[in-house]
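Please look over the protein chain shown here. A short report follows.

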Amino acid sequence: MNPDLNHPNSTTATSGEPTPSLVERIFSHWLVSWVIIPAALIFLLHNFVFSAYHVVGSSMIPNLHDSDYLIISKVGKTVSGLSGQKYTAERGQIVVFHYPKEPQYDFVKRVVGLPGERVVVRDGKITVYNTEHPNGFDPDTTHTTTGSYTQAGPDDEPIDVTVPEGNIFVVGDNRTPNGSTDSREWGFLPSSDIVGNVVLRLYPLNSIKLF
């Protein structure tokens with residue numbers, strides 16, 4: 001017998017528990033490296049960085065079409081949440097959000113009015129008023145729309161509203177009659193319902209585009 005094993009200063013020890021076999025160690029390493037870590041990364045990326053969506057419908061033509069495959073960014077909302085600030089999208093962004101009246105459905109629209117701004121839909125066009133533009137401006141100059149006439153409320157009754165804090169005013173790019181269900185019909189969108197903003201159209205391949 002090796003006398004060191006019984007010496008009080010010996011650093012050698014034994015245990016009644018079985019030592020993991022080589023196969024078990026290899027399996028544990030594989031499980032962590034190829035299952036647990038990738039699954040955790042996918043969870044973090046999907047919930048806090050980006051997601052993928054298919055467009056269904058025609059409310060955003062001519063800029064988005066049915067079956068377009070989109071990548072949306074959640075970074076802005078995530079950063080705002082981590083910093084304790086209220087999140088709001090930027091004007092002109094195309095956002096994906098939970099439809100306020102039926103949250104199980106996700107919609108995609110364009111941001112037109114921001115908190116505190118006055119939005120008027122009258123005579124076939126949208127006008128936004130704020131401190132920088134007290135006389136109003138046209139928010140549709142940065143993108144194209146389908147149809148030259150933007151219908152207002154029911155029976156084309158004029159809309160004149162001020163966007164409350166924590167909300168935005170969104171519309172579809174398809175301005176033909178009944179081309180889009182948006183804030184003109186169901187009101188303001190709470191910023192908390194926004195999932196993220198569109199940053200890339202990945203499919204169809206001949207229409208790949210950054211937003």
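Over which residues does pLDDT stay under 50? pLDDT is the predictor's confidence in each residue, from 0 to 100. The answer is residues 1-15. For that stretch the model has four contacts (heavy atoms within 4.5 Å) beyond four places in sequence. The chain averages a pLDDT of 87, and 84% of the residues score at least 70.

This is a predicted model, where local features need pLDDT of at least 70, side-chain atom pairs count only at pLDDT 80 or more, and totals for chains, interfaces and linings use all residues. Residues are numbered from 1 along each chain as its sequence is written, and side-chain values use heavy atoms, with hydrogens and water left out.

**Strand E3**

Strands are DSSP runs (E, at least two residues), numbered from the N terminus. E3 covers residues 94-98.

| Partner of E3 | Sense | Bridges |
|---|---|---|
| E4 (residues 106-113) | antiparallel | five bridges |
| E10 (residues 194-203) | antiparallel | three bridges |

Phe97 has Phe107 of E4 as its bridge partner. Val96 stands opposite Gly196 in E10. In a regular strand, side chains alternate between the two faces of the sheet.

**Helix H2**

Helix H2 spans residues 75-83 and holds Val79. Val79 counts as partly exposed because its relative accessibility is 47%, in the range between buried and exposed (over 50%).

Technical notes. Helices (H or I, at least four residues) and strands (E, at least two) are DSSP runs, numbered from the N terminus. Buried means under 20% relative accessible area, exposed over 50%, partly exposed in between (1.4 Å probe, protein chains only). Two strands pair if DSSP finds at least two bridges between them.
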